[in-house]
Amino acid sequence: MTAAPRPARGVRNNDSEAEQHRLGLESGCLGLFHWRMTSFWTSKRIRLRGIEPGDGAAFMRLTEDEERSGDVLHPPRSAESYRVRANELAAAKSDGDCFRLAIEAVDTGEVVGAVGSHYADPNAGRFEYGVTIGADHRREGYAAEAVVLLLRYMFAERRYHKCEAKVFAYNEGSLALQRRLGFVEEGRLRDHVFLAGRYHDLVILGMLADEFTRRHPVSEL
Ligand SMILES: CC(C)(COP(=O)(O)OP(=O)(O)OC[C@H]1O[C@@H](n2cnc3c(N)ncnc32)[C@H](O)[C@@H]1OP(=O)(O)O)[C@@H](O)C(=O)NCCC(=O)NCCS
């Protein structure tokens with residue numbers, strides 16, 4: 001789905017008045033202006049937002065683009081099934097620290113990917129995460145920024161201690177992303193998944209809260 005361009009957020013303090021006017025945030029909208037500057041969920045290139053009912057088509061494209069990133073090849077699904085699923089997710093009650101968010105490009109408002117946390121265990125202080133970026137939007141830094149926002153929320157706001165990422169050994173792009181973010185390989189489950197006629201290893205990577213904070217200080221974004 002290509003959403004109508006929306007006002008970019010996360011624009012810095014020194015915006016010109018003309019720029020503020022363009023964004024519809026001119027003086028008088030003090031609340032909005034304040035909110036715009038402080039949104040936790042916006043970085044340089046992306047904004048994370050909740051799933052909306054109209055996101056079905058975007059999620060269909062994302063799923064098709066990541067056909068070979070998972071451990072199971074699914075039969076094609078109808079556009080209607082994605083529309084229904086987006087409606088369900090948009091209306092779903094909060095599931096605590098397990099959630100999915102759409103990744104929007106700040107400059108166009110287009111949905112370029114999705115990110116989410118799952119298997120969050122507050123007792124152990126551990127969670128996993130997943131991210132996917134549409135094929136046309138890769139290598140533009142969207143995943144890295146989205147994951148940093150997600151991890152910052154889980155570590156600095158929700159007090160989690162460790163994030164785990166499980167990546168199929170053939171997914172070199174994802175392994176490179178995890179390492180770039182600071183994840184450390186902790187183990188490898190041999191011949192763990194079956195895909196495309198043979199077995200593949202599953203690589204387990206982890207990052208601790210203080211490792212994340214050293215690399216990505218709170219003031220960075
Ligand atoms: C893996 C994926 C999420 C990366 O998204 P992306 O937006 O392209 O990643 P970024 O642009 O933020 O990349 C950040 C860094 O990660 C590394 N990286 C990302 N993709 C890479 C690739 N295909 N090959 C080598 N390095 C890669 C690079 O170091 C990159 O920095 P650089 O571009 O300055 O060199 C994307 O390829 C994707 O959605 N793949 C399909 C779904 C998937 O595999 N999800 C992860 C499941 S665990």
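The model is a predicted one, in which local features need pLDDT of at least 70, side-chain atom pairs count only at pLDDT 80 or more, and totals for chains, interfaces and linings use all residues. Residues are numbered from 1 along each chain as its sequence is written.

The secondary structure of the chain consists of seven helices and seven strands. Helices (H or I, at least four residues) and strands (E, at least two) are DSSP runs, numbered from the N terminus. Along the sequence these elements follow the pattern α-α-β-α-α-β-β-β-α-β-α-β-β-α. Of the 221 residues in the chain, 26% are buried. A residue counts as buried if 20 or more other C-beta atoms lie within 10 Å of its own, as exposed if 12 or fewer do, and as partly exposed in between, with C-beta atoms placed from the backbone. Among contacts between residues at least 6 apart in sequence, 62% join residues at least 24 apart; two residues are in contact if their C-beta atoms, placed from the backbone, lie within 7 Å.

The sheet comes next. Seven strands form an open sheet with mixed pairing, in the order β1-β2-β3-β4-β5-β7-β6. Its edge strands, each pairing on one side only, are β1 (46-49) and β6 (184-195). Neighbouring strands of this sheet are turned by 25 degrees against each other on average, direction ignored. Two strands pair if DSSP finds at least two bridges between them. Axes are lines fitted to C-alpha atoms, for helices over the stretch in contact, and angles run from 0 to 180 degrees between N-to-C directions. Strands of a sheet pair through backbone hydrogen bonds, either parallel or antiparallel.

Leu195 has Arg198 in β7 as its bridge partner. Two residues lie between the strands of this hairpin, in which Ala196 takes a positive phi near 50 degrees. Strand β6 is hardly covered, for the count of buried residues among its 12 residues is zero. Within β6 lies Asp191, which has a positive phi of about 45 degrees although it is not a glycine. Asp191 is exposed because it has 11 other C-beta atoms within 10 Å. The C-alpha atom of Leu195 is separated by 8.6 Å from that of Gly70, although the two residues are 125 apart along the chain. Gly70 is in the loop between α3 (56-65) and α4 (79-91), and it is partly exposed because 15 other C-beta atoms lie within 10 Å.

Leaving aside residues up to four places away in sequence, Ala146 touches Ile46, Leu48, Ile103, Gly113, Val115 and Val131.

Which residues come nearest to the ligand? Of the 22 residues around the ligand, they are Arg138, Ala143, Ala144, Gly173 and Ala176; a residue is near a molecule if its C-beta atom, placed from the backbone, lies within 6 Å of it. At least two residues of this shell come from each of β4 (126-133), α5 (142-157), β5 (162-168) and α6 (172-181), and α6 gives the largest share, six residues. The shell divides into nine nonpolar, seven polar and six charged residues. Here Ala, Val, Leu, Ile, Met, Phe, Trp, Tyr, Cys and Pro count as nonpolar, Asp, Glu, Lys and Arg as charged, and the others, Gly among them, as polar.

Finally, Arg139 is found in the loop between β4 and α5. Its phi is near 60 degrees, a positive value in a residue other than glycine. Arg139 is exposed because it has 8 other C-beta atoms within 10 Å.
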